[in-house]
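Hello,

I am handing over the structure below, and after it you will find notes on what turned up when I went through it. Please read them with the model open beside you.

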Amino acid sequence: MRSGRPSLQIPGPTLVPERIVRAMSQPLIDHRGPRFSALVGECLEGLKGVFQTERGQIVIYPGSGTGAWEACLVNTLSPGDRVLACVNGHFAAGFARTATAYGVEVDRLELPYGVGVPADQVEARLRADSARQLRAVLVVHNETSTGVTSNVAAIRRALDAARHPALLLVDVVSSLASIEFRVDAWGVDVALTGPQKGLMLPPGLAILAISDKALRAGEEAKCPRAYWDWRPVLERNRRGEFPYTPATALLFGLKESLAMLREEGLDAVFRRHARLAEACRRAVRGLGLGILCRDPAEHSNTLTAVVMPEGMDSDAYIAYAYRTLEVSLGVGLGAVKGKVFRIGHLGSLNELDLLGGLAGVELTLRGFGVPIRLGAGLAAAEAYLLETAGA
Ligand SMILES: Cc1ncc(COP(=O)(O)O)c(C=O)c1O
């Protein structure tokens, strides 16, 4: 094994800070006892702050982001319902596919990889639905396969402008606690996430924030549901319990993660991510490489998808980078498989972590045969970090 810290430059799972590792290492407690119910209360309350919701209900399952898609859909929809799925990447396609698996009829707003969801096109599709058959709009806030952040507030305004009653269901797996996202202010009905990105935890949870309107839809929903049924979870949570054995160690970690986010302050967390992301993009441009996301207003602050030079396979490059320096980079997914590699810059990350990762990218790109100038990316990133230090 290589000495030093692993260079986990993928867009999740992210490095788990020592504080969280220590919090998770304590002896397990009885999940039906008083200490446990206090822990549940703190986690639910803390998550409300991170989702920026006062009115919403939080549900936590042992699971993953993929499970959170399923929980969101089976609790709000019935087989035969129609939804509008905004498909601008691999994860948005997965969200839509999950709805199809439950017999939901999915109208797709098909978009190229590298662009965000255009609110005007959503509005046009909703206006065209004069019979108001669409029950929900499915959106991925930050598409992790392309490094594109969509404007959820604008999509909310599109629903309002069309006076359409559809639920707004949003995947925030790679944006929560990293990029600004507001459940109440943006009228989001279900926001869903996992713990292994901005929350800095190991994988293993599916987390949802649910509006009153979505709870009411849940009373009518006819999709088959047992494990993912949120009603027994909400009911037992009121007593600080779960209807199954919960992921106690992850909840210890979650409590610590929420404390860390509170100490730094959510706005400062968003600013840190924005600054490191811009430094990364400047490094990529400094190396003369392209960024998949086309519109700077939609650049993701949690990852950058870098376009591999023509004729070079990004999968082979990523394997080379790991083999030579053990730097882990995200592979190209779906339509951009073999064409892009993704640099993650989220979670517990500072300037030197980022610069170390970027140095790994430069060294391995050059070693792989990409004609870059060593130091050009780092110099651009460093200049920007210096310029914005203390800002
Ligand atoms: C935007 C998005 N949605 C859903 C998922 C699926 O989450 P999981 O891998 O935890 O099932 C991911 C995973 O990276 C993601 O980035």
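Valine 306 stands opposite phenylalanine 341 in strand 14, where helices (H or I, at least four residues) and strands (E, at least two) are DSSP runs, numbered from the N terminus. This is a predicted model, in which local features need pLDDT of at least 70 and side-chain atom pairs count only at pLDDT 80 or more, while totals for chains, interfaces and linings use all residues. Residues are numbered from 1 along each chain as its sequence is written.

Strand 12 (residues 303–307) and strand 14 run antiparallel and are joined by five bridges; two strands are said to pair if DSSP finds at least two bridges between them. They belong to an open sheet of three strands in the order 11-12-14, with antiparallel pairing. Strand 11 (290–291) and strand 14 (340–344) are at the edges and have a single partner strand each, so one side of each is left without a neighbour in the sheet. Helix 10 (residues 266–286) packs on this sheet and touches strand 11, strand 12 and strand 14, contact meaning that the C-beta atoms of two residues, placed from the backbone, lie within 7 Å. The direction of helix 10 makes about 10° with that of strand 12, with axes being lines fitted to C-alpha atoms (for helices over the stretch in contact) and angles running from 0 to 180 degrees between N-to-C directions.

A second open sheet has seven strands in the order 2-10-9-8-5-3-4, and its pairing is mixed. Its edge strands are strand 2 (57–62) and strand 4 (105–110), each of which pairs on one side only. Within this sheet, strand 8 (residues 167–171) and strand 9 (residues 190–193) run parallel and are joined by three bridges, and leucine 169 stands opposite valine 190 in strand 9. Helix 7 (residues 212–220) packs on the sheet, where it touches strand 2, strand 8, strand 9 and strand 10, and its direction makes about 105° with that of strand 8.

Finally, there is the ligand, whose surroundings include Gly12, Ser64, Thr66, Phe91, Asp171 and Pro203; a residue is near a molecule or strand if its C-beta atom, placed from the backbone, lies within 6 Å of it. By class, this shell has four nonpolar, seven polar and one charged residues, where Ala, Val, Leu, Ile, Met, Phe, Trp, Tyr, Cys and Pro count as nonpolar, Asp, Glu, Lys and Arg as charged, and the others, Gly among them, as polar.

Best wishes
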